[in-house]
Amino acid sequence: MTTLPRLSGLALAVAACAVLSGCATSNPQDPLEKFNRASFAFNDTIDRVALKPVATGYKKVTPGFVQTGVGNFFGNLSDAWSAVNNLLQGKGEAGMTDVTRVALNSTFGILGLLDIASEAGLQKHNEDFGQTLGYWGVPSGPFLMLPIFGPSTIRDTAALPADRWGDPWKRKDPHNWRNIGSGIRVVDQRASLLDASNLMEEAALDRYEFLRDGYMQRRQSQVFDGNVPRAADETDADDAPTTNTQVVPEPVSPPANPAPEKQ
């Protein structure tokens, strides 16, 4: 058994333990907050001690065009799974766009190192199985901060094994190349977030709440492709000024005994 399925299984086990042990909380919107904050502190320690310093050095030393190539290469691999999820959601046009992107970038783009599909006007999508479940009505459930994996929800954690299975790089042989590539991928992704993480550290009074709220809003937007439906109560409130406020119209005909007009 490879390391990846073990990690995915561990993530599901952690989610189950969090649900069972994290019910007592003062925040009804984050019932697993106690567990989540402990996981956040664990992840933050690993990031400060190891991942962020390595990513900072990688960004300083590695030429920009190499970083772009690495991002394009793994982005091209993710397009394949995006295509599958778009088709599962019934988005045929978006799915075929993803397929075309993979075909163009894998051939003329030199195995995805060049993103010529974007230059040709083919929009890039980022779809995963958690979004597919959300598209078909599966609720997200509470926010869940997973050790190592980071922010998630109960729904997205349940979808994690499928997302890992759908990553073509996980089938790369030999194993040492796969592991090296996976390490470079993580470092490159962390390097791309350095500016955002520095901004969060400077601006947020509570970094956990900032990350949690931002993640939940972003995931909701991703599930609905940016068109998040308003809740019924919000819709009523928004419509109130136009639907409930009545303006008395001018009478169509004068009253029976009109008062004399003042001169």
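How do the residues of the lining of the second largest pocket divide into nonpolar, polar and charged? The legends below take this up, along with two other views.

This is a predicted model, in which local features need pLDDT of at least 70, side-chain atom pairs count only at pLDDT 80 or more, and totals for chains, interfaces and linings use all residues. Residues are numbered from 1 along each chain as its sequence is written, and side-chain values use heavy atoms, leaving out hydrogens and water.

**View 1. The second largest pocket and its lining.** Here the lining divides into five nonpolar, three polar (Gly counts here) and two charged residues. Among the lining residues are G134, P139, R155, M216 and F224. Helix α10 (residues 207-223) gives the largest share, four residues. The pocket holds about 190 Å³ of space. A pocket is an open set of points on a 1 Å grid where a 1.4 Å probe fits, with protein on both sides within 12 Å along at least five of seven lines; lining residues have an atom within 4 Å of a point.

**View 2. A nonpolar patch on the surface.** F42, I46 and I148 make up this patch, and together they have about 280 Å² of accessible area (Shrake-Rupley method, 1.4 Å probe). Patch residues have over 30% relative accessible area and no salt bridge, with nonpolar side chains joined within 5 Å. A salt bridge puts a side-chain nitrogen of Lys or Arg within 4 Å of a carboxyl oxygen of Asp or Glu. F42 belongs to helix α2 (residues 33-61).

**View 3. S192 in helix α8 (residues 175-192).** Helices are DSSP runs (H or I) of at least four residues, numbered from the N terminus. S192 has a relative accessible area of 56%, so it counts as exposed (over 50%). Its C-alpha atom is separated by 9.1 Å from that of Q67, although S192 and Q67 are 125 residues apart along the chain.

Terms used. Patch = residues over 30% accessible without salt bridge, like charges linked within 9 Å, V, L, I, M, F, W, Y side chains within 5 Å. Helix = DSSP H or I, 4+ residues; strand = E, 2+ residues; numbered from the N terminus. Points joined across faces, edges and corners; volume = space filled by probe spheres on them. Buried < 20%, exposed > 50% of the residue type's maximum accessible area, 1.4 Å probe, protein only.
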